[in-house]
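Please open the model in a viewer and keep the selection tool at hand.

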Amino acid sequence: MRTERLELVPLEVGHAEEMAGVLGDPALHVFIGGTPESPEELRARYVRWEAGAPEPGTTWCNWVVRAREDGRLVGTVQATVTGNGEGAEVAWVVGTAWQGRGYASEAARALVGWLRPRVRTVVAHVHPEHAASAAVARAAGLVPTGEVHDGEERWESPEA
């Protein structure tokens, strides 16, 4: 997938080294949880992701987000597609060094646009205090539902 400024490239184990730097700021994990992972830890995670979802009928779709201007990786977008095109849960993360440039919104719009003809509903979960992520969800065409699960609000695509 390509946008005006970004390219969404299928995630590969070989991206782990560069992504460890992109995701390495502890401040990035305030809302998404966890701690920065080493290249080795990311490599192990990416091996699992490349192997695919263990649940039948579930597909994991993972992309790294590359800035076309300089070719650097700036983040990731992902979708977990369930059922026969029934729904997809999406997530995005952009490294702190690249935040505030609209990259997350641009990548999330591309992801949701790619999913819409393939699934009935697109869902994201956003921490209620994470205004920037709520803005990304809104830019991707998702709306808050008011439902909160595990401390995050459910956002979803309006019925098509």
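A contact here means heavy atoms within 4.5 Å. This is a predicted model, in which local features need pLDDT of at least 70 and side-chain atom pairs count only at pLDDT 80 or more, while totals for chains, interfaces and linings use all residues. Residues are numbered from 1 along each chain as its sequence is written, and side-chain values use heavy atoms, with hydrogens and water left out.

Strands are DSSP runs of E with at least two residues, numbered from the N terminus. Leaving aside residues up to four places away in sequence, valine 126 touches Ser133, Ala134, Ala137, Glu152, Glu153 and Trp155. Valine 126 counts as buried because its relative accessibility is 3%; buried means under 20% relative accessible area, exposed over 50%, and partly exposed in between (1.4 Å probe, protein chains only).

Next, select glycine 151, which lies 25 residues from valine 126 in sequence and 8.6 Å from it in space, C-alpha to C-alpha. Then select aspartate 150, in the loop between strand 6 (143-149) and strand 7 (152-156). Aspartate 150 is not a glycine, yet it has a positive phi of about 50°. With 70% relative accessibility, aspartate 150 counts as exposed.

Now select strand 2 (residues 58-67), where 7 of the 10 residues are buried. Strand 1 (residues 6-10) runs antiparallel to strand 2, joined by 5 bridges; two strands pair if DSSP finds at least two bridges between them. Leucine 6 stands opposite alanine 67 of strand 2.

Arginine 66 has leucine 73 in strand 3 as its bridge partner. The two strands form a hairpin with 5 residues between them, and glycine 71 in the turn has a positive phi of about 80°.

Note on methods. Helix = DSSP H or I, 4+ residues; strand = E, 2+ residues; numbered from the N terminus.
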